[in-house]
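This report describes the fold and packing of a single predicted model. Please keep the sequence and the structure in view while reading.

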Amino acid sequence: MFERFFPDVYMESTYAVPFEKLYEEGIRGVIFDIDNTLVPHGAPADERAEDLFARLKGIGFSTCLISNNQEPRVKMFNQNIGTDYIYNAHKPSTKNYVKAMEIMGTDRTNTVFIGDQLFTDVWGAKRAGIRNILVKPLHPKEEIQIVLKRYLEKVVLHFYEKKMRR
C-alpha cells in the first residue's frame, strides 16, 4: 500500500551521498530540493553547500535546484552556488522535474533527485521516473504544514524500513 512512496535510497544526509559512485554508474544530473536537504529551512547557502556544488561541478555533474518556494528564497540560496533553478515548482507535479532535466541536458536514465520529503520530493521524482534519494531533514524547525506531513512520513518510513530489513 505504501510502496509507491518508498524512496529508492534513504540516507542520513545529502552530504553522505557517494556522488563519485553515482557518476561511475552513469548519473550525470542531480536535482536538489533546498530547505532541510542542503541547509536548514530558510537559511542561505553555507560553506558546506558551496563546497558540495563545487565538488559536483568538478566531478562533471550538471545540477539544478527545484523548490516550492518563491523566487526570492531560491535566488538568495543560489547566490553563491550559481546553478540553474526552478522556483514555485509545485512538487509533486512532474512538470518541473522534466524541465530540470531539459535544462541540464539529462534524462530519466541519468538523473537523480535528492530531497527530504516523501510526499513532495520523492513522490514527484518517482512519478517523473527519476531515481531518488530521500535524506533526513537537517533541522527540526519546520513550517506547520510540513510538521503534519512528517507524522504521515513516519508511518510510511516504518513500513519502508521493515521491508528493507527482510
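Which residue in β6 is the bridge partner of Phe113? The partner is Asn132.

## Basis of the description

The model is predicted, so local features are described only at pLDDT of at least 70 and side-chain atom pairs only at pLDDT 80 or more, while totals for chains, interfaces and linings use all residues. Residues are numbered from 1 along each chain as its sequence is written, and side-chain values use heavy atoms, with hydrogens and water left out.

## The sheet

Six strands make up an open sheet with parallel pairing, in the order β1-β6-β5-β2-β3-β4. Strands, like helices, are DSSP runs numbered from the N terminus (E, at least two residues, for strands; H or I, at least four residues, for helices). Two strands count as paired if DSSP finds at least two bridges between them. The edges are held by β1 (9-11) and β4 (84-86); each has a single partner strand, so one side of each is left without a neighbour in the sheet. On average, neighbouring strands are turned by 25° against each other, direction ignored. Axes for such angles are lines fitted to C-alpha atoms, for helices over the stretch in contact, and angles run from 0 to 180 degrees between N-to-C directions.

## Strand β5 and its partners

β5 is joined to β6 by four bridges, and the two strands run parallel. Gly115 stands opposite Leu134 in β6. β5 also pairs with β2 in the parallel sense, over four bridges; here Gly29 has Thr111 in β5 as its bridge partner.

Five of the five residues of β5 are buried, so the strand is largely enclosed by the rest of the structure. Buried means under 20% relative accessible area, exposed over 50%, and partly exposed in between (1.4 Å probe, protein chains only). Both faces of the strand are covered: Thr111, Phe113 and Gly115 are buried on one side, Val112 and Ile114 on the other.

## Helices on the sheet

Together, β5, α5 and β6 form a right-handed β-α-β unit. A crossover is right-handed if, with the strands pointing away from the viewer, the path from the first strand over the helix to the second runs clockwise. Seven of the 10 residues of α5 (residues 118-127) are buried, so this helix is largely enclosed by the rest of the structure. The buried residues are Leu118, Phe119, Thr120, Asp121, Val122, Gly124 and Ala125. After α5 comes Gly129, with a positive phi near 80°.

Helix α4 (residues 95-104) lies across β2, β3 (62-66), β4 and β5, and runs at about 150° to β3.

## Nonpolar cores

The largest nonpolar core contains 26 residues, and Phe19, Phe32 and Phe77 have the most contacts inside it. A nonpolar core is a set of buried Ala, Val, Leu, Ile, Met, Phe, Trp, Tyr and Cys residues joined through side-chain atoms within 4.5 Å. Two or more residues come from each of α1 (19-24), β2 (29-32), α2 (47-59), α3 (71-78), β5 (111-115) and β6 (131-135). α2 gives the largest share, five residues. Apart from this core lies another, of 13 residues, including Ile31, Tyr97, Ala100 and Met104.

Not counting residues up to four places away in sequence, Phe19 touches Thr14, Val30, Phe32, Leu52, Arg55, Leu56, Ile59, Phe61 and Ile114. Contact means heavy atoms within 4.5 Å.

## Aromatic pairs

The structure holds 11 aromatic pairs. Rings of Phe, Tyr and Trp (its six-membered ring) pair if their centres lie within 6.5 Å; planes under 30 degrees apart count as stacked, over 60 as edge-to-face and the rest as tilted. Phe6 and Tyr160 form an edge-to-face pair, 5.4 Å centre to centre with 75° between the planes. This pair links distant parts of the chain, 154 residues apart: Phe6 is in the segment before β1, and Tyr160 is in helix α6. Both Phe6 and Tyr160 are buried.

Phe19, Tyr23, Phe32, Phe53 and Phe61 form one aromatic cluster.

## The loop at Leu138

Leu138 is placed in the loop between β6 and α6 (144-165). Leu138 counts as partly exposed because its relative accessibility is 29%. Leu138 and Val39 are 99 residues apart in sequence, yet 6.7 Å apart in space, C-alpha to C-alpha. Beyond residues up to four places away in sequence, Leu138 touches Asn36, Thr37, Leu38, Val39, Pro40 and Arg48.
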